[in-house]
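Reader: I am new to this structure and would like to go through it with you. Could we begin once it is on display?

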Amino acid sequence: MPRLFTGLEIPAEIGHTLSSLRGGLPGARWIDPENYHLTLRFIGDIDGIAANEIASMLFRVNRKPFEVALQGLSSFGGRKPRAVVAQVAPSRPLIELQAELERLMQRIGLDPEGRKFTPHVTLARLRDASNMDVADYLSVRGYFPTRVFTASRFVLFSSRATTGGGPYVIEGSYALGA
């Protein structure tokens, strides 16, 4: 049973910039740069029939390419930090694409996504990292010049149920274009 999600790929040159921020944080499991992505909608473990239905339904999305801006680092998890992420500016086209994907997934019977959409690129998953260690890391490496790319497609990724990030496989790609 594949574990599926939709997302945007991160261009290699931006991935290289993000990968230079690796290291210096105890308890961090760093994501390999080739697995950096921006999740639009987590789908979960799906049987083959549902996966095919999802893959064919995604061709209905008709949106224009748009710019995506990564700006600065943050962490998720509050008092118990669980991830270091590159923040993504929540532009209208990005939010609208994510909302359309959410509606399509609910239309085929999936439960609504339980969390508010917060666009980001996960750089590291944290295990037993202290608030102080994360704060120190972010104070040293948390700023980088805004990096912008044009999203000209979104993809349907699959992954295996593993700890950490990836490897992710592109199961289908869906061009953004009018």
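Reader: By class, which residues does the lining of the largest cavity have?
Author: The lining has three nonpolar, three polar and one charged residues; Ala, Val, Leu, Ile, Met, Phe, Trp, Tyr, Cys and Pro count as nonpolar, Asp, Glu, Lys and Arg as charged, and the others, Gly among them, as polar. This is a predicted model, where local features need pLDDT of at least 70, side-chain atom pairs count only at pLDDT 80 or more, and totals for chains, interfaces and linings use all residues. Residues are numbered from 1 along each chain as its sequence is written, and side-chain values use heavy atoms, with hydrogens and water left out.

Reader: Turning to the loops, where does Asp128 lie?
Author: Asp128 is in the loop between strand E6 (120–126) and helix H4 (131–141); helices (H or I, at least four residues) and strands (E, at least two) are DSSP runs, numbered from the N terminus. The phi of Asp128 is near 60 degrees, a positive value in a residue other than glycine.

Reader: Is Asp128 buried or exposed?
Author: Asp128 counts as exposed because its relative accessibility is 67%; buried means under 20% relative accessible area, exposed over 50%, and partly exposed in between (1.4 Å probe, protein chains only).

Reader: And the strands: how many bridges join E4 to E7?
Author: Five bridges join E4 (residues 66–76) to E7 (residues 147–151), and the two run antiparallel; strands pair if DSSP finds at least two bridges between them. Val68 is opposite Phe149 in E7.

Reader: Which residue stands opposite Ser74 in E5?
Author: That residue is Val85.
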